[in-house]
Amino acid sequence: MEFSMTYELIKYLCNMISKATVKLIHSLGLKKNRDKEGLFVAEGPKVVADLLAVASPLHLIATSEWFAGHRMEMNQWGKVKISEVTEDELRKASFQKTPQQVIGVFPIPETEAQDTATDMPGRQLCLALDGVQDPGNLGTIIRIADWFGIEHVYCSEDTADAYNPKVVQATMGSIARVKVHSINLPQFITHLPEGVPIYGTLLDGQNIYTQELSANGLIVMGNEGKGISEEIRKLVTHKLFIPSFPPDTDTAESLNVAIATAVTCAEFRRRIS
């Protein structure tokens, strides 16, 4: 009875979605506005649920069906603004062609200070992305990192923004668990503790399946078309190559960067399983 009363009270207090809210959500499609407001948009039951487990949203916009399934959780959301909407109203606010029940507006999390961040690859396996520009690739890579227990992804300044709505959607909720840092990548690498291995996937690298791999260090993945930049190549201490099979036969010219990341992470984790 208590939960039912709370739900009815929230329904009574909540407003229909306003034009100003729709305008704010749409504005967050641009990085400059996300940076200015410190907010990003997440959509769909899976992504929003994963984020709700670790963060309090500023605003939840959802259908009555979605709210009805989350009555017991509402007391834990604090002062979040709630808007119960129809499917048509949800569609007007959504970035998706087919929106799924709920949109959440969340604060962009703060990342570790530089000195703390540079210590991570010395203690655990981390990923670095050098100019990965496709939002779908970035989102998939964050999801891959989550799957393989990689907690930190360091992105160069010309890598896509991790809080782009397309990236957030492609992570399928992994953005809630993986810490994504936007940094000056060359500077970051040069400030890593001495002896930290810097792995890079390069065409002139050594067969990944025959090389010694460590449980810590930084794995650098490059741009979709150009690969790892020349500046970063000079900082790589262990060059790796994913061979095609069978050897010496015509195959695809290259692997998609997200697929290459999955293969690389799987091989690193296989060695310590």
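Reader: Before we start, what do you count as buried, exposed or partly exposed?
Author: Buried means under 20% relative accessible area, exposed means over 50%, and partly exposed is in between, with a 1.4 Å probe and protein chains only. This is a predicted model, where local features need pLDDT of at least 70 and side-chain atom pairs count only at pLDDT 80 or more, while totals for chains, interfaces and linings use all residues. Residues are numbered from 1 along each chain as its sequence is written, and side-chain values use heavy atoms, leaving out hydrogens and water.

Reader: OK, how many salt bridges are there?
Author: The structure holds 10, a salt bridge being a side-chain nitrogen of Lys or Arg within 4 Å of a carboxyl oxygen of Asp or Glu.

Reader: Which residue does D119 pair with?
Author: R123, with 2.8 Å between the closest N and O atoms. D119 is partly exposed at 33% relative accessibility, and R123 is exposed at 53%.

Reader: What about R177, where does that one sit?
Author: R177 bridges to D146, closest N and O atoms 2.9 Å apart. R177 is in the loop between helix 10 (165–171) and strand 7 (179–183), and D146 is in helix 9 (residues 135–147), so the pair ties together parts 31 residues apart in sequence. Helices (H or I, at least four residues) and strands (E, at least two) are DSSP runs, numbered from the N terminus.

Reader: Switching over, what's the N to O distance for D204 and K239?
Author: Their side chains meet at 3.3 Å, N to O, in a salt bridge. D204 is in strand 8 (residues 198–207) and K239 in strand 10 (residues 238–241), which links distant parts of the chain, 35 residues apart.

Reader: And which residues are joined into one network?
Author: K46, D50, D146 and R177, through salt bridges that share partners.
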